[in-house]
Amino acid sequence: MPGGNLHKFKIALNYGADAVYIAGQSYGLRAGADNFLHQEILEATNFAHARGKKVYIVLNAFMHDEDLATLKDFVLFLEEVGIDAAIVSDLGAMGVLQENSQIPIHLSTQASCLNSFSANFWRKQGVSRLVLGREVSLQEAKRIKEASGLEIEMFVHGSMCMAYSGHCTISNYTQGRDSNRGGCAHSCRFGYSWDEDQTQTPLYLMSSKDLKGLELLHEYQQAGVDSIKVEGRMKGPFYAALVSSVYSRALKLLGAKDTSAQEWDDLAQELESVGHRGYTAASLQEKAGAESVEMRNPEEKERNYLGEIIGVNEASMFMAVKNPIKREDQGYGIFFNGQKFNLSFSQMQRLDDGFVKVAHPNTTIRLPKVEGVETHNIIYNAS
Amino acid sequence: MKITWHALSPLDFSQAAQWGVKDFLLEHQDFSLRGGVDTAACLKIAEKIKSNGGRIVFLWDLLLSENDLHKKLQDFLTLPLELRQVVRVKDWGVLEALLQKAPDSKIQLDLSSAHHNLQAIQRWPSYLKNKLDRLVLSSELPQEKIKNYAAALPVDLEVLALGRLLLFYTPRHLLSPAIDRRQAFISSEEGAHHHFPCEEYPHGTLLFHLKQLCLLSEWPMLKNTGVQYLRFDTRDLPPGGGAFVESFLKNQEQEISWNTLKEKLQVEITQGYFHKNKTDVLFKKLKNWRLLKQEKITRDGKTWRYCGEVVDSLREHSLTFFLQEEIPNQGHYLLLNAAGKEKKITFKKLTYLTSELLQVKWISGVGEKALLYVCEE
């Protein structure tokens with residue numbers, strides 16, 4: 001799971017992720033994310049390790065000489081805190097890691113490793129795990145794993161670059177922001193018209209639908225994929241919680257003997273709750289075609305996120321409100337084990353104990369305690 | 001300094017060698033991004049080039065997933081040997097496949113993606129040794145770096161001197177499903193996204209910069225970088241522009257103004273990042289750094305430690321913090337808000353709603369997300 005900041009990191013882990021990837025203030029591909037200070041990296045690593053989980057650091061920018069100059073100190077720090085792996089795409093960065101640490105190296109999808117010959121090249125460079133390009137099918141991934149003997153990680157959910165990862169420089173030349181060092185301006189999400197007919201409605205012909213591989217988890221397993229990966233360090237706590245919860249429960253379902261189609265449908269339905277474009281299986285089974293392009297409907301669907309529990313005492317629980325809530329609204333909460341609970345707002349109060357008809361974003365409300373609720377449980381709209 | 005030419009660009013082949021044109025990139029339709037000719041046509045072009053003293057470089061710049069690569073490799077191995085003596089590749093899988101299956105082919109590596117540091121680039125000569133014929137550097141590198149790299153690397157280098165800048169490459173077909181065309185100029189209402197040439201091929205879709213890269217006004221500086229090869233791709237110039245480039249090379253022009261170039265080439269041009277690349281300077285504006293929780297800050301010679309943030313501000317009533325740690329009753333505190341304002345405070349009364357939620361008396365001008373620091377005295 002992605003961890004855009006320490007808060008989302010803890011949420012993702014609490015909701016079931018086995019590992020979370022994070023970035024420091026440099027060297028990643030999301031300069032706009034909060035990212036982690038050194039102290040937070042230490043805290044995150046301790047938090048994860050205490051729960052038997054892992055933390056990966058993204059160093060997957062294509063670095064310039066001046067970036068490499070400061071990387072060594074950061075690598076020494078990462079080794080000291082016990083980071084579990086570094087996700088890298090640049091051969092220079094790889095060299096700095098190898099010269100200064102024993103940190104295992106995962107190849108970033110940014111390097112567009114698409115075939116077994118390429119996998120063997122990266123194996124010879126000392127990589128232990130490949131995050132394959134999103135253009136690779138599950139059947140191809142199986143061959144790559146067999147041929148290389150490396151661990152394979154594949155994306156299962158989230159936004160996708162339309163271009164081969166690492167091969168897009170639109171932002172560089174139009175906005176002066178290096179997309180391969182964290183400055184992507186998402187030009188592929190803009191509407192475009194063609195010059196011969198400027199009167200037409202713009203088409204979102206470069207905007208990919210979002211990946212959803214939930215229904216193909218069995219095929220991931222059959223292909224021998226070692227780790228499934230979710231995109232989204234810029235996404236919010238609701239996404240971190242719900243997607244982490246859904247996929248961790250799905251993996252448990254996969255290992256269970258008796259499962260019903262209804263259980264899988266319920267999980268798929270939950271994924272409809274988070275903001276997303278249209279979903280696609282992209283190239284997981286066959287090459288992504290026209291149906292994988294958003295084209296006319298670029299907006300992420302309405303978010304149902306209402307807020308998050310930020311404290312619980314003997315009688316009350318406190319919720320940070322992120323979207324407007326009316327007293328007559330009905331909400332759902334999700335326990336860390338994925339079970340849902342119903343939540344009524346009829347007795348919501350501000351912190352001066354006054355009852356309110358509408359709770360506004362960026363305020364905190366008091367609610368009667370629901371048994372089992374914990375800090376960082378996520379609340380969303382039932383409608 | 002020698003010239004690499006795209007074989008599909010118009011040229012008087014009989015004269016080219018005299019102007020320094022040595023290598024010709026051959027773009028087969030099954031292996032090259034913009035390839036438009038089949039094997040038979042490639043052979044004809046190759047014969048013409050060789051008879052005029054040129055050398056063929058087979059351009060295999062497709063990125064290929066597993067199944068496609070195995071199929072293409074079989075096709076490649078059936079090509080006449082004369083076409084595949086030197087091969088330029090962009091996918092490290094293609095590279096490895098050639099090392100194993102076509103060990104006699106010399107390799108030119110296209111490093112136009114990534115590879116913006118010497119340490120990364122240096123790994124290739126030591127990895128490929130005598131198989132490596134040339135490295136093609138990224139157009140995002142400024143001249144100073146090119147010069148440094150040329151001095152440090154034991155292999156021939158090449159940079160693009162004139163031609164379209166590829167911005168985007170996807171295996172998906174983007175134009176035909178949308179507008180039933182294979183070529184178009186596309187524009188967005190957003191900023192500088194105008195008039196991008198967009199082309200769809202059987203293997204995917206390419207998007208180019210509206211301006212072509214042109215470094216001819218920097219000719220003396222280009223020579224001074226120490227690179228051995230400059231690449232010219234004139235196929236997207238109008239006939240007059242192409243003729244001008246031939247004349248420029250023929251006469252070995254030294255000085256030419258930017259305005260003259262714009263007039264003669266008859267297309268929009270840019271020098272790209274040849275003078276400097278500052279594509280990371282805007283990053284600091286991508287987020288509000290004031291809201292970044294720093295472990296410790298220094299003010300007035302004292303150290304202040306982050307301990308929580310405001311989660312609720314109830315006018316005239318209370319301010320509520322979500323605490324990261326327990327705080328002292330009599331401590332001195334610093335509040336930083338999102339607008340950058342700072343306020344030093346003490347609390348008379350602390351009321352804990354939970355172990356992490358602290359309520360204090362309302363403080364004017366402090367809203368949600370303001371950060372709380374405690375003085376380390």
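This report describes one helix packing in chain A and two histidines with positive phi in a predicted model.

## Basis of the description

In this predicted model, local features need pLDDT of at least 70 and side-chain atom pairs count only at pLDDT 80 or more, while totals for chains, interfaces and linings use all residues. Residues are numbered from 1 along each chain as its sequence is written, chains are lettered from A and ligands numbered from 1 in the order in which they are written, and side-chain values use heavy atoms, with hydrogens and water left out.

## Packing of α5 and α6 in chain A

Helix α5(A), residues 116-124, packs on helix α6(A), residues 138-148, at an angle of about 40 degrees, the two axes lying 9 Å apart. That angle makes α5(A) oblique to α6(A) (oblique covers what is left once angles under 35 degrees are taken as roughly parallel, over 145 as roughly antiparallel and 65 to 115 as roughly perpendicular).

The contact (heavy atoms within 4.5 Å) is made by Ser116(A), Ala119(A), Asn120(A) and Arg123(A) from α5(A), and by Arg143(A), Ile144(A), Ala147(A) and Ser148(A) from α6(A).

## Two histidines with positive phi

His186(A), in the loop between α7 (170-174) and β7 (192-194) of chain A, has a phi near 60 degrees, a positive value in a residue other than glycine. His186(A) is partly exposed, at a relative accessible area of 42% (buried means under 20%, exposed over 50%, and partly exposed in between, with a 1.4 Å probe and protein chains only).

In chain B, His115(B) is found in the loop between β5 (106-110) and α5 (118-128), and the phi of His115(B) is near 55 degrees, again positive in a residue other than glycine. His115(B) counts as buried, at 6% relative accessibility.

Note on methods
Axes fitted to C-alpha atoms, helices over the stretch in contact; angles between N-to-C directions. Helix = DSSP H or I, 4+ residues; strand = E, 2+ residues; numbered from the N terminus.
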